[in-house]
Amino acid sequence: MLNNGHHAEGEPGNEAGDKTGNSACSPEKRKRVVRVWCDGCYDMVHYGHSNQLRQAHAMGDYLIVGVHTDEEIAKHKGPPVFTQEERYKMVRAIKWVDEIVEGAPYVTTLETLDKYNCDFCVHGDDITLTVDGKDTYAEVKNSGRYRECKRTQGVSTTDLVGRMLLMTKTHHSNIDKNLDYQQHTDNFGKGPKGHSPWTGVSQFLQTSQKIIQFASGKEPQPGDTIIYVAGAFDLFHIGHVDFLERVYKQSDKPYVIVGLHFDQEVNRYKGKNYPIMNVHERTLSVLACRYVSEVVIGAPYAATTDLLDHFKVDLVCHGKTEVILDKDNSDPYAEPKRRGIFRVIDSGNELTTDTIVERIIKNRQLLFEARNQKKEAKEIAVFQALKKREEEKMKEQQRAMHIKMGMCLGSEMTEEEKKAKIHSEKIDRELYEYVKEELNVVKILMLGAAESGKSTLVKQMKIIHSHGFTMQELISFKVQCSGRRAAQPGCTVSQENF
């Protein structure tokens, strides 16, 4: 059981579209309120989008979200799954959103931030590109009015679409052994020339911390009407939002509890490859909705006496979809019907999870796979360019450091050290010329003997005597050294040293 809190109508900032803190506010108040801007397509909204908006809201006081039109998305990315009207409503339903801007420009500019009196914009740590491969946030990044939040690992639109295209029952619970899923991952989430770090298929891992971040923890208050609904709420979509909004409006002080069925139960009554999202993912998706107060993870399929009494339920609601009988062929809503607290709610929206899957399958080959591969190809190109730029920057820093170190050494050297350095360089040159004539000396030179004294040179030759030279090489070297000792009095190497 997770408390999610609930929003009473009239509370500041709770209803999306509330104009609290907008340009009509006094300059004094505007200085105290940090206004944050986010924008995006928000197509097939999932808990990853919600988590980004949650993080963005935490960076300020008032969150404005710009949503792009269908035309803009089709131009830069490809066709969206949901219409712009559906996407506007979906974003409004996320509890961390204070206001939305319909038809926001695809490229985020300073003009947009200034128009809505926003201090800065927030985006995930991935990259968004225009149709010609340019960073859509370049202008605000360069001006210092850009903040970044962590991308939610384990979920992406690509991944969800992939699950929909697979007609298996274990697509999210046994991925390592699912060859169909792996093949789909290769074809859909990865282009032929590499893998983008931002677009791809990954696996979500639930943590208690993530649940706590999404849940508000508010208990029902005296006078609240406790309303219970149950279901899969798979691929949490606008149809669910419309239903929960209608449920929320059944009372002046609603406290809506959503019971989520376990994956096995959902698959029992829906079949095919449902649920698309596992129970942990569905939990976060539902918790992000502003009309939901609490979530029961793994709720029983039937609204039993124990459940109704435990939560002190005043009203049980169900949509106009067919009610599937329980395993024993009993009506799961028999008890609330007996108590007279059961109500059928018409959401006015016929969209279902099946409808969404049909949209995806219909456009599979022609649009969505091509869209994602094209998107990933652009991302790979940008990622490689950024990586190359960083490497060049690192090399430049290293060159500058070497130059600086050289200057420091040069300025601190005494006259005696300078003379020694010149002499050492002269020895290097002479040895180099000698090596070109006498190849047997090469093995000693590789040990750095050019910078060593004569005694050190002898020690090095002793060390490598039994391993570094053959007997023929040693004899040859002794003869050469003895001959040079007569010509160069400075050479004190004797045969006894060997």
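Leu235 sits in the loop that runs between strand 7 and helix 10. The model is predicted. Leu235 has a positive phi of about 50° although it is not a glycine. Strand 7 (225-231) and helix 10 (238-248) each supply at least two residues of the lining of the largest pocket.

- Leu235 counts as buried because its relative accessibility is 7%, and the cut-off for buried is under 20%.
- Asn329 is a residue other than glycine with a positive phi, near 65°.
- The loop between strand 10 and helix 14 (334-339) holds Asn329.
- Asn329 counts as exposed because its relative accessibility is 60%, and the cut-off for exposed is over 50%.

**Cis peptide bond**

- Tyr274 and Pro275 are joined by a cis peptide bond, with omega about 0°.
- Pro275 belongs to the loop between helix 11 and helix 12 (279-287).

**Largest pocket**

- The volume of the largest pocket is about 890 Å³.
- Its lining is made up of 35 residues, divided into 15 nonpolar, 13 polar and seven charged.
- Of the lining residues, His240, His318, Thr321, Glu322 and Thr352 lie nearest the centre of the pocket.
- Besides strand 7 and helix 10, the elements that each supply at least two lining residues are helix 11 (263-270), strand 10 (315-318) and helix 15 (353-362).

Notes: Residues numbered from 1 in each chain as written. Predicted model: local features only at pLDDT ≥ 70, side-chain atom pairs only at ≥ 80, totals over all residues. Heavy atoms only, no water. 1 Å grid on protein atoms, 1.4 Å probe; cavity = no way out; pocket = protein on both sides within 12 Å on 5 of 7 lines; lining within 4 Å. Points joined across faces, edges and corners; volume = space filled by probe spheres on them. Helix = DSSP H or I, 4+ residues; strand = E, 2+ residues; numbered from the N terminus. Nonpolar A, V, L, I, M, F, W, Y, C, P; charged D, E, K, R; others polar. Buried < 20%, exposed > 50% of the residue type's maximum accessible area, 1.4 Å probe, protein only.
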